[in-house]
Amino acid sequence: MDIKVGDIVRFEGRDVRVLRIASSILLSYFGPVRVGLSDLELIESCKPSKFEVGDSAVILDIPSTERAHYGSGWRSEMTQMIRSTQIVTEIRDDEYLGQRVRLGGLWFQTYHLENINDYDII
């Protein structure tokens with residue numbers, strides 16, 4: 001199974017999240033590390049929601065170690081948006097960061113977002 005952004009891997013005895021895959025791999029807690037994906041042990045595969053423009057997304061909280069090394073950069077305004085529902089206004093699929101969506105004018109990675117359009121109302 002291929003390791004992708006959002007997955008939890010084991011590195012140097014810690015379970016951490018993959019936040020970006022480029023010439024160096026960005027891991028929560030560690031920041032950029034120069035190892036190959038084959039040097040990481042997959043612990044948990046992330047299955048983030050897919051989004052389309054106009055979808056409603058709930059922003060879930062993430063640990064401070066992920067915020068500190070957030071792949072697309074974490075801003076203080078993003079912290080204030082945690083647990084809010086926002087409308088997706090733009091989408092980018094990136095080979096290094098995976099899918100990102102623009103919510104409230106800021107870019108979020110999708111691994112910690114919930115697409116509320118995925119749920120059927122009965």
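Strand 8 and strand 9 pair in the antiparallel sense over 4 bridges, where strands are DSSP runs (E, at least two residues) numbered from the N terminus and two strands count as paired if DSSP finds at least two bridges between them. The model is predicted, so that local features require pLDDT of at least 70 and side-chain atom pairs pLDDT 80 or more, whereas totals for chains, interfaces and linings use all residues. Residues are numbered from 1 along each chain as its sequence is written, and side-chain values use heavy atoms, with hydrogens and water left out.

On its other pairing, strand 8 (residues 98–103) is joined to strand 7 (residues 85–94) in the antiparallel sense over 6 bridges; Arg-102 in strand 8 is the bridge partner of Glu-90. These strands belong to an open sheet of 5 strands in the order 9-8-7-6-10, with antiparallel pairing. Strand 9 and strand 10 (113–115) are the edge strands, each pairing on one side only. From one strand to the next the twist averages 45°, with axes taken as lines fitted to C-alpha atoms and angles running from 0 to 180 degrees between N-to-C directions.

In a regular strand, side chains alternate between the two faces of the sheet. In strand 9, Leu-106 and Phe-108 point one way and Trp-107 and Gln-109 the other, and all are buried, that is, under 20% relative accessible area with a 1.4 Å probe and protein chains only. Gln-109, located in strand 9 (residues 106–109), has a relative accessible area of 1%. A polar atom of the Gln-109 side chain lies 3.1 Å from the backbone nitrogen of Gly-71. Beyond neighbours within four places in sequence, the contacts of Gln-109 (heavy atoms within 4.5 Å) include Val-5, Leu-19, Tyr-70 and Gly-71.

Leu-19 lies in strand 2 (residues 14–21) and is counted as buried because its relative accessibility is 0%. Among the residues that Leu-19 touches, apart from those up to four places away in sequence, are Leu-26, Leu-27, His-69, Leu-97, Gln-109 and Tyr-111. The C-alpha atoms of Leu-19 and Asp-7, 12 residues apart along the chain, are separated by 8.3 Å.

Strand 2 runs antiparallel to strand 3 (residues 25–27), to which 3 bridges join it; Val-18 stands opposite Leu-27 in strand 3. Both strands are part of an open sheet of 5 strands, ordered 4-3-2-1-5 with antiparallel pairing. Strand 4 (31–33) and strand 5 (41–44) each have a single partner strand, so one side of each is left without a neighbour in the sheet. The twist in this sheet averages 50° from one strand to the next.

In soluble globular proteins, nonpolar side chains tend to be buried together.

Methods. Buried < 20%, exposed > 50% of the residue type's maximum accessible area, 1.4 Å probe, protein only. Polar contact = N/O pair within 3.5 Å; in protein donor to acceptor, adjacent residues only side chain to side chain.
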